Amino acid sequence: MSLVVIGTVAFDALETPFGKTDKIVGGAATYIGLSASYSVKPVKVVAVVGDDFAQSDILLLQEHGVDTEGLQIKQGEKSFFWSGKYSNDLNSRETLVTELNVLADFDPILPDSYQDCKYLMLGNLTPQIQRLVIQRLVNRPKLIVMDTMNFWMDVAMDELKTTIEMVDVLSINDEEARQLSGQHSLVKAAKIIMEMGPKYLIIKKGEHGALLFHKNQIFFAPALPLEEVFDPTGAGDTFAGGFIGYLAATDDISFENMKRAVIHGSAMASFCVEKFGTERLLNLTQEEIEAREQQFADLVAVLPATATVA
Ligand code: AMP
């Protein structure tokens, strides 16, 4: 099942209560690609970097099953750069710097070999570019999942809404759902957002898990209580990569299977936050992933309450 992913491949500089990093490899498409690669290979990436991006980093993606034919390298230009600082409880973060660089005039060219796309993941990126990718696919994919962030709501809300109208599943965090809908209640926000186009909505709530909405149904997946959370960067993208990777591998987009995909995505995200950047996603085993999924199942397993007898 061909999975195409678009998003940033970037340099990040991160500051958490546990330490600081200088420019390390990050970006939405990087996290999505690595995460999805544990379910399906190849993951066909459409992205752009500058000539400051090391060949060894591209090789690392390739070694993990990421097809980089659609990765453009712009000579004499700099890669997208993002810098963020986390609060002490790691629940909120401040964007310190967003330098679009190569992204400013990115033309997402799809190689012919990507036209068999059945599952399309629109990772966080300019909404106009996300839309262009949908338009450039000759056949509409079976499922289009989109992720975005407050940055694009602040600078390109109208463009964003036009793109949102075209997708099947939208994945955002709780703050973003409130900003997009103008509603504080997430249930009301979900109704309003689903009226904008997507049939499914995922609202991520960081350490409080994720909600999946479809019509009047709501599914809740917890986040695993972890002893150590080091760096939440990329958790949302890793979740999205796990979610769409699972759906592509099983080729089943029923609501029931989406619930399993949400658990798989949550398990992948729980690994991501254990180390800085992409480090923890580079060497996972299927056994570790399955054991983590079992931990999720155990976390919420309970016998139905027995009726109280008067
Ligand atoms: P997440 O923590 O899942 O929200 O994703 C963090 C990743 O998103 C980082 O690796 C950044 O490079 C990337 N990122 C940050 N801001 C943007 C933006 N405005 N557009 C696209 N990607 C971004």
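Asn101 lies in the loop that runs between strand E8 (93-99) and strand E9 (119-122); helices (H or I, at least four residues) and strands (E, at least two) are DSSP runs, numbered from the N terminus. The model is a predicted one, in which local features need pLDDT of at least 70 and side-chain atom pairs count only at pLDDT 80 or more, while totals for chains, interfaces and linings use all residues. Residues are numbered from 1 along each chain as its sequence is written.

Most residues other than glycine have a negative phi, and most peptide bonds are trans. Asn101, although not a glycine, has a positive phi of about 45°. Asn101 is buried, with 20 other C-beta atoms within 10 Å; a residue is buried if 20 or more other C-beta atoms, placed from the backbone, lie within 10 Å of its own, exposed if 12 or fewer, and partly exposed in between. Asp251, in the loop between H8 and H9, also has a positive phi, near 50°. Asp251 is partly exposed, with 13 other C-beta atoms within 10 Å.

Lys41 and Pro42 are joined by a cis peptide bond with omega of about -5°. Pro42 belongs to the loop between helix H1 (28-36) and strand E5 (43-50).

## Ligand shell

The ligand is surrounded by 17 residues, of which the closest are Ala10, Gly26, Asn124, Phe151 and Gly236; a residue counts as near if its C-beta atom, placed from the backbone, lies within 6 Å. Strand E2 (10-16) and helix H8 (235-250) each supply at least two residues of this shell, and H8 gives the most, with 3 residues.

By class, the shell has 7 nonpolar, 8 polar and 2 charged residues. Here Ala, Val, Leu, Ile, Met, Phe, Trp, Tyr, Cys and Pro count as nonpolar, Asp, Glu, Lys and Arg as charged, and the others, Gly among them, as polar.

## Packing of H9 and H10

Helix H9 (residues 255-272) packs against helix H10 (residues 286-300) at an angle of about 115°, with the axes 9 Å apart. H9 is therefore roughly perpendicular to H10, a term that covers angles of 65 to 115 degrees. Axes are lines fitted to C-alpha atoms over the stretch in contact, and angles run from 0 to 180 degrees between N-to-C directions.

In H9, Ile263, His264, Ser266, Ala267, Ser270 and Phe271 meet Ile289, Arg292, Glu293 and Phe296 of H10, contact requiring C-beta atoms, placed from the backbone, within 7 Å. The residues of this contact divide into 5 nonpolar, 3 polar and 2 charged.

Methods. Parallel < 35°, antiparallel > 145°, perpendicular 65-115°, else oblique. Contact = placed C-beta atoms within 7 Å.
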